[in-house]
Amino acid sequence: MKLLIFKTNIENRYKAKRISSILAYSSNIFDWSIDMEDIDNVLRIEADDKSTENEIIEMVTTCGLQCEALPD
């Protein structure tokens, strides 16, 4: 399992709900959260070792949202 961390533009519950179904039902993602209090609206994802940052970014951007990997 690995932890992936992203900067997003998910600043409210409406936007979070847009990605909820994609992330919640992905078999590669075990858990996820969004810190809307953080200036970067940080998305944290616990995923299997096969998951990549690019896969997550693609999932989020298909919902019309912005997402970029944050360095460790």
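**Entry 1: the model**

I am working with a predicted model, in which local features need pLDDT of at least 70 and side-chain atom pairs count only at pLDDT 80 or more, while totals for chains, interfaces and linings use all residues. Residues are numbered from 1 along each chain as its sequence is written, and side-chain values use heavy atoms, with hydrogens and water left out.

**Entry 2: the sheet**

I looked up the strand order first, taking helices (H or I, at least four residues) and strands (E, at least two) as DSSP runs numbered from the N terminus, and counting two strands as paired if DSSP finds at least two bridges between them. Four strands make an open sheet with antiparallel pairing, in the order S2-S3-S1-S4. Strand S2 (29-35) and strand S4 (67-69) each have a single partner strand and stand at the edges, so one side of each is left without a neighbour in the sheet. From one strand to the next the twist averages 30°, where axes are lines fitted to C-alpha atoms (for helices over the stretch in contact) and angles run from 0 to 180 degrees between N-to-C directions.

I then went through the pairs. Between strand S1 (residues 2-8) and S4 I find three bridges in the antiparallel sense, and lysine 7 stands opposite glutamate 68 in S4. S2 and S3 run antiparallel and are joined by six bridges, with alanine 47 in S3 as the bridge partner of isoleucine 29. These two strands form a hairpin with six residues between them, and asparagine 41 in the turn has a positive phi of about 45°.

**Entry 3: helix H1**

Helix H1 (residues 13-24) lies across S2 and strand S3 (42-47), and runs at about 165° to S2. At its start, a side-chain oxygen of asparagine 12 comes to within 3.2 Å of the backbone nitrogen of tyrosine 14.

For burial I use relative accessible area: buried is under 20%, exposed is over 50%, and partly exposed is in between (1.4 Å probe, protein chains only). In H1 the buried residues are Lys15, Ala16, Ile19 and Leu23. Seen down the axis of H1 they fall within an arc of 90°, so they line one face of the helix; the arc is that of the directions from the helix axis to the C-beta atoms. These buried residues pack against S2, S3 and H2, contact meaning heavy atoms within 4.5 Å. Arg13, Tyr14 and Lys17 are exposed on the other side of H1.

**Entry 4: helix H2 and isoleucine 56**

In H2, I note Ile56, Ile57 and Val60 as buried. Viewed down the axis of H2, these buried residues fall within an arc of 100°, so they line one face of the helix. Their cover includes S1, H1, S2, S3 and S4, whereas the face turned away from the buried side carries the exposed residues Asn54 and Glu58.

I took isoleucine 56 in helix H2 for a closer look, and its relative accessible area of 1% makes it buried. Not counting residues up to four places away in sequence, isoleucine 56 touches Leu4, Phe6, Ile29 and Ile45.

Methionine 1 belongs to the segment before S1 and is exposed, with a relative accessible area of 61%. Leaving out residues up to four places away in sequence, I list Phe30, Glu46, Ala47, Asp48 and Asp49 as the residues that methionine 1 touches.

Asparagine 9 sits in the loop between S1 and H1 and is buried at a relative accessible area of 17%. Apart from neighbours within four places in sequence, asparagine 9 is in contact with Lys15, Asn41, Leu65 and Gln66.

**Entry 5: the cysteines**

I searched for disulfides, meaning pairs of cysteine sulfur atoms within 2.5 Å, and the structure holds zero. Cysteine 63 is in no disulfide, and the nearest cysteine sulfur, that of cysteine 67, is 10 Å away, which is too far for a bond. Cysteine 63 is buried, with a relative accessible area of 14%, and cysteine 67 also counts as buried, at 12% relative accessibility.

Note on methods:
A polar contact is a pair of N or O atoms within 3.5 Å; within protein, one must be able to donate a hydrogen and the other to accept it, and residues adjacent in sequence count only if both atoms are side-chain atoms.
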